[in-house]
Amino acid sequence: MRCKLLLLLLLLLPGPLAAQSVAQAKAALQAKPDSLELSLVLARAYVQEANELWALRTLGTLSVARPQDCQPRLWLAWLQLRQGALADAQTTLTTACPGGPEEARRALLTAMVLQGLGKRLESREAVQLARAQSHLFPEDRRALLDFQPRADGGYLHPISGRLELVAGYSTNAAAGSPTEAASAGDQGSPLAQVNALLRFVAPTGRLARPMLDLELRSLGFSDRVGQELSYLLFSPRPGVHFGDDGVTGLLAYRFEGLVLAGGDRYGAGPMLFYNGHRLEGELNPLPGLTLFSGVGQRAFRNSGRSRSELDGGVGGGLPLGRDLRLLGALTGRYHSATQDAWNLHGTSLLLSTENRLPRGFAARLGLLGSWDRYPDSRGYFDPAHPGRSREELLGRLSLSLFSPVWQGLKGGLTWEYGHRDSSADPYDYQEHRLLARLVWAFQADPFLPPERSPRGHVRLPFEAGGAAFEERIQDLLRQDEAVQRSSSCVE
């Protein structure tokens, strides 16, 4: 009687069958041994309890017993792919399924297998076959969104975005302030940050696609001194992305406007501290390698700091194993200011490693080294040493721990330490930060087939949803405040 009640409850569920333990799944299947859905629930339960051997046995037996059904073969191929048995998975996927969600899943799994075998062109063709079907299962639609950029280097999600909310504490709110005011000693303060990016890409073809980035960054302190240094940065960037699966690139115009909460000798705040106009370019000659540059003008409220600027660099990502990834960039910059003392040239090296941990957690280590020189600044920044020009080294270390991704969200804790050693003594500083983060990231493609979840559908546990959080080196450069403080982004 208990088994029949459990089976009835499962069959009455309006959506996909609920997750079950192995014992529960076995009990339900004993009441109805011919049920395809309950057999798949049992296989999924084995996978969730890390017993993939019995999951393989269950699916292998089911695919032999029900050769007319595609679902057991597709589940079996997914599990073979998960275990790295690419040749077995390719053989399992040989027979076509009826059109619609099942054939779309077969094409998607085939694309994943071919990509694992290094056959990128064939993998891209299989992705297009999946997109050509009338419907997709819900989990397959999300998996396709994650996977297509890996199979097709020329693909960009038509809509994507990222929102990060940060709260924490800084031991020195004046450290690296946009005002470049001389340090008055450590001024600790609670802080809050909002970082947001929204991107639109027009589906106008593969060789040239108009795009628009809308970026917003803010940093606020509750301490009295810190309140004056709080700011809001707004930056739209229209441009054109060009290239296909080989060499790709970007040419864009960026406007930046920074509003500072505090005032100055000319008036009370808030005030427009600077506005900038830049032409920016990126080139990706090889997978994982990016060349980038920018040139423009920046007008400050203090006209002596207004400048022409030129910067550029090289960066990219490199996998160091199954669970470890390295990102790095080397950048250089040159500023020619209205007042010669603000002329600058410098360089920065940024490294970041991310290590995937068990149960979906991740740890990140960030390292930054930066050198800047103001060659025409003798006596300007430090009157106590009139013969000394300003030159400084900036270093920063950050350690972060992030939670698993859930519904497009992940949380994190970060500790940062920054230290600047300047030949102009008033500009030395050190700072510790402890930050709590909440990040939401999403990707959308309204041109994918609609999703369909039939009654009794058992969801295949694709590991999808994390690709929106995969960062490029440009993302780290944009988000890293220490780089921004020593570059054209935030001075």
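1. The protein chain holds 12 helices and 14 strands, taken as DSSP runs numbered from the N terminus, with H or I over at least four residues for helices and E over at least two for strands. This is a predicted model, in which local features need pLDDT of at least 70 and side-chain atom pairs count only at pLDDT 80 or more, while totals for chains, interfaces and linings use all residues. Residues are numbered from 1 along each chain as its sequence is written, and side-chain values use heavy atoms, leaving out hydrogens and water.

2. Of the 491 residues in the protein chain, 48% are buried, meaning under 20% relative accessible area with a 1.4 Å probe, protein chains only. Among contacts (heavy atoms within 4.5 Å) between residues at least 6 apart in sequence, 60% join residues at least 24 apart.

3. C70 and C97 form a disulfide, with their sulfur atoms 2.1 Å apart, the rule being a pair of cysteine sulfur atoms within 2.5 Å. Because C70 lies in helix α5 (residues 70-82) and C97 in the loop between α6 (86-92) and α7, the pair ties together parts that are 27 residues apart in sequence. The torsion about the S-S bond is about -115°, so this disulfide is left-handed, and both C70 and C97 are buried.

4. In helix α8 (residues 120-131), the buried residues are S123, A126, V127, A130 and R131. They cover an arc of only 145° around the axis, which puts them on the same side of α8; the arc is that of the directions from the helix axis to the C-beta atoms. These buried residues pack against α7 (101-116) and α9 (138-151).

Conventions. Buried means under 20% relative accessible area, exposed over 50%, partly exposed in between (1.4 Å probe, protein chains only). The expected span of a helix is 1.5 Å times one less than its number of residues.
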